[in-house]
Amino acid sequence: MDTSVQVGLEFEELNNTNMTGNPRISQRRGARQKKNECSALRVFGIIACLCFIAVAPMIFLVNDHSSNYDNDLEPIIINSQTPLHQRPASVTDIVPLPKWVDEYITWHQEMRAKFPGKAIIEDPDAPPVLVRTCLGLCGGLHDRLGQLPFDLYLASQSKRVLLIKWIKPQPLEDFLIPPKNGIDWTFPRGIEGWGTDCNTLNLCAKQIRAHPQLANNVGDNNRMIEENDVNTLLTNGIYSLTEGDLKDEKAVTYTIMAHLSEDVLEARLRKAGEIDMIHNTVTFGSIFRKFFQPHPNVQAQITAVSSSLGLVPGEYSIAHTRVRHPKAYEMGEKFDGTFIANADKTGLPFVGKFKEMAIATATRAIECADTMEEAKVHPIYFMSDSSDLVSYIGDSTNPSTQDLIQTHNVVTRVQDFPNAHIDKNKGRKSEEYYATFVDLWLGIDAKCVSFGIGKYAVFAYKLSATKCKIRYAKEVWGGQDSHHEKNAQTCEL
């Protein structure tokens, strides 16, 4: 498709983007792993044979509906244990996508092929489009991308081609791109009035806000998202797009936040006779992979970190801490005169009370991860929204952390760039946000997840559909647990 080619031409070649060098390894093997390595060697041959026998019949060819797919693909062997990143978008998964999802994806691909590039917007014969935008405050990655099933449903019900356009902090395609045989969600560049000829991001956003848009629940007066509100917005949105005031509009934008109200979509799917609720199954991750793969620059960093730390998908765990999240502390709490509520934007000095609490949180996250049986034989990759904390925990020369590293086989990456909050740390260059996507992808490929405050790690295990997850902390105030959090094991340490 022309838009895929257009986007592709703007990206650097993967073999020219090894930007990170070799991240430093802060890894110390404990006695437990050494013993396991010996036993693993003895049984490896037997396991390999058994695995081959088990998966030999499971050879899946290209989807019957995929007329746009390459015809020369080799058969790929996959099963339910195959890590998500090894499930190509061009191959039917062990669990097929729901019919309505598959049919919409096929139609979307056909429309982008029939109306390539700017034609999807400018050709009068092209179908109407629905554009999910981020023009200002849109939340973190889970807030922005965690409602993908909702987006698909709204686009499917309104018979519109789903596109995504970010203005802030940078275009989404600077971080994630459509896979070759997946869904081309990119908004074509150079369309007048859609972020063109504007000198600032705010002016670009102002252009796009002038286009027709659905009612939304994002803004200062609508921060608390109730299921009834999302249900009403969905009902009214479908009506507006199909029969109401927006039915004849070529392009309509929206910013509905529905990721915390998954029951709204699930109730509709149930009523329609669907058995796959998506959010708790491998389908969510499969859909995500149809939309996204890392930009080559981001993939280069993922590869560099994985290679230097020896992280093999499905053979490591993650422990994640969100120590700058306001809900990790009492409402209105201050550290050294600074409100915690501002920490995502301004940061907090890694000293005093904050440093002590951050280290205690990290230690608990790691120790709780190591209580899961499936995590005991694997390294634990520690990640956090505080680069100071990651550097501290991963410093093998620090007497205070040596025992933690060795006992729990902790590994960390070099903090060349901090994990910038994608919503609060605006105005930075694209590469300064790469780390946030790197850690998300490493979280998706983890076997087990230890999580606490915030939804970053929750998003990762929702996409991987792993059952090996443990919760070591709850938010101090506000909000209710999702069924994902309720279904996770609680750390008893």
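Which residue of E6 stands opposite valine 129?

Modeller: Happy to. Alanine 251 in E6 is the residue that stands opposite valine 129.

Two notes before we go on. This is a predicted model, in which local features need pLDDT of at least 70 and side-chain atom pairs count only at pLDDT 80 or more, while totals for chains, interfaces and linings use all residues. Residues are numbered from 1 along each chain as its sequence is written, and side-chain values use heavy atoms, with hydrogens and water left out.

E3 pairs with two strands, where pairing takes at least two DSSP bridges. Towards strand E6 (residues 251-254), E3 has 4 bridges, and the two run parallel. With strand E4 (residues 161-166), E3 makes 6 bridges, also in the parallel sense. There, leucine 130 has leucine 162 as its bridge partner. In general, strands of a sheet pair through backbone hydrogen bonds, either parallel or antiparallel.

Now the side chains. In a regular strand they alternate between the two faces of the sheet. In E3, Val129, Val131 and Thr133 lie on one side, and Leu130, Arg132 and Cys134 on the other. Every one of these six is buried, that is, under 20% in relative accessible area, with over 50% called exposed and the range in between partly exposed (1.4 Å probe, protein chains only).

The structure holds 3 cavities of 30 Å³ or more. A cavity is a set of points on a 1 Å grid where a 1.4 Å probe fits but cannot get out, and its lining residues have an atom within 4 Å of a point. The largest cavity has about 70 Å³ of space, a volume being the space filled by probe spheres set on the grid points, which are joined across faces, edges and corners. E3 gives the most to its lining, with 3 residues. Arg132, Thr133 and Cys134 are in that lining, along with others including Leu137, Asp143, Trp166 and Met257. By type, the lining has 6 nonpolar, 3 polar and 3 charged residues. Here Ala, Val, Leu, Ile, Met, Phe, Trp, Tyr, Cys and Pro count as nonpolar, Asp, Glu, Lys and Arg as charged, and the others, Gly among them, as polar.

Trp166 leads from this cavity lining to the largest nonpolar core, where Trp166 is one of the residues that touch the most other members. Such a core joins buried Ala, Val, Leu, Ile, Met, Phe, Trp, Tyr and Cys residues through side-chain atoms within 4.5 Å. This one has 97 residues, and Leu145, Phe288 and Phe291 are also among those touching the most other members. A second, separate core of 32 residues includes Ala319, Tyr392, Leu404 and Ile470. Phe288 and Phe291 belong to the buried residues of helix H10, which spans residues 282-291 and has 9 of its 10 residues buried.

Glycine 136 has its C-alpha atom 7.7 Å from that of alanine 205, although the two are 69 residues apart along the chain. Alanine 205 sits in helix H7 (residues 201-209) and is buried, at 0% relative accessibility. Its contacts (heavy atoms within 4.5 Å), leaving aside neighbours within four places in sequence, are Leu135 and Ile167.

To set all this in the whole chain: there are 18 helices and 15 strands, and 54% of the 493 residues are buried. Of the contacts with a separation of 6 or more, 72% are between residues 24 or more positions apart.

So, back to your strand: E3 has 6 of its 6 residues buried, runs parallel to E6 and to E4, and gives 3 residues to the lining of the largest cavity.

Key
1 Å grid on protein atoms, 1.4 Å probe; cavity = no way out; pocket = protein on both sides within 12 Å on 5 of 7 lines; lining within 4 Å.
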